[in-house]
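Me: I would like to go through the side-chain contacts of this model. Could we take the rings and the charged pairs in turn?

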Amino acid sequence: PPYRDGVCERQVFTNRQIARDYGIDVLKKDDLGNPLPNWRIHARPSDHPGPDLAAITGPDGVASFRTGITLGRWTISEESRAFWKSVSPASTVVTVTAPNQYPSVIFTNEPTTCLEGYKIDENHIGMGGWVIQGQEIGSTEPPVSQTTDVNGYFRFDDLSLGRWTFTEVVKEGWTPHTASAFEVDLNRQGSPCTQIRFKNLSEPI
């Protein structure tokens, strides 16, 4: 404000201490404990203004933030990638509170794969509206399911590597021509997807 004789103007200066010697360490690994290099990790202030920082994991799976960190709470998050799913939360909050502290975060991801196929009749015409279910053998998780589209196509994504059973829910008036259930060994991460096909014959009226 302009200077006025005999009037004191009160000024307030606010500073936030820069944690120049502080940092945050992030370890990125797979579900077997192997380090995952070349993954982008983000650090964003949670309770104060500040920069959006990024670091890349090295050969040891570690990304270290050593500049730009301020005292306070930070949200640490990992990038998402196709054919990987998070075992641990993909984002977490850590607090930088005192000198010479390096809060650590561990992100764990599991490789995944996909399976696709068709549901057809005896004339090799796709059949829509059929339910296909998948269950990982030995897993206690509930089965996953997909419904075939108008062309009889179905696809499962984000499947864990391992042995699976895929089953069609047979409708009244139809008899399976192929097996109504397949055991499939999904041991390859990513695409191309493993393929299966269900074929049914219409029963005489």
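**Side-chain contacts**

Reply: Lys 119 lies over the face of Trp 130, 3.9 Å from the ring centre. Please note that the model is predicted.

Me: Is Trp 130 buried or exposed?

Reply: Trp 130 is buried, because its relative accessible area is 3%, and the cut-off for buried is under 20%.

Me: How many aromatic pairs are there?

Reply: The count comes to eight aromatic pairs. One of them joins Trp 130 and Trp 174: the ring centres are 6.1 Å apart and the planes stand at 80 degrees, so this pair is edge-to-face.

Me: Where do Trp 130 and Trp 174 sit in the chain?

Reply: Trp 130 is in the loop between β8 (104-120) and β9 (131-136), while Trp 174 belongs to strand β13 (residues 174-176). The pair links distant parts of the chain, 44 residues apart. Trp 174 is partly exposed, with a relative accessible area of 24%.

Me: Which residues do ring pairs link into a cluster?

Reply: The cluster consists of Phe 154, Phe 156, Trp 164, Phe 166, Phe 182 and Phe 198.

Me: Changing topic, how many salt bridges are there?

Reply: The count is seven salt bridges. One of these is formed by Lys 28 and Glu 78, whose closest N and O atoms are 2.0 Å apart. Lys 28 is in strand β1 (residues 24-30) and Glu 78 in strand β5 (residues 72-78), so the pair ties together parts that are 50 residues apart in sequence.

Me: Are Lys 28 and Glu 78 buried or exposed?

Reply: Both Lys 28 and Glu 78 are buried.

Me: Over the face of which residue does Lys 28 lie?

Reply: Lys 28 lies over the face of Trp 39, at 3.8 Å from the ring centre.

Me: What about Glu 183: which side chain does it meet in a salt bridge?

Reply: Glu 183 meets Arg 163, with an N to O distance of 3.2 Å. This pair also links distant parts of the chain, 20 residues apart: Glu 183 is in strand β14 (residues 181-186) and Arg 163 in strand β12 (residues 162-168). Glu 183 is exposed, at 53% relative accessible area, whereas Arg 163 is partly exposed at 37%.

Me: And with which residue does Asp 157 form a salt bridge?

Reply: Asp 157 pairs with Arg 155, the closest N and O atoms being 2.8 Å apart. Asp 157 is partly exposed, with a relative accessible area of 40%, and Arg 155 counts as partly exposed at 31%.

Key
Residues numbered from 1 in each chain as written. Predicted model: local features only at pLDDT ≥ 70, side-chain atom pairs only at ≥ 80, totals over all residues. Heavy atoms only, no water. Salt bridge = Lys/Arg side-chain N within 4 Å of Asp/Glu carboxyl O. Helix = DSSP H or I, 4+ residues; strand = E, 2+ residues; numbered from the N terminus. Buried < 20%, exposed > 50% of the residue type's maximum accessible area, 1.4 Å probe, protein only. Phe/Tyr/Trp six-rings, centres within 6.5 Å; stacked < 30°, edge-to-face > 60°. Lys NZ or Arg CZ within 6 Å of the ring centre and 35° of its normal.
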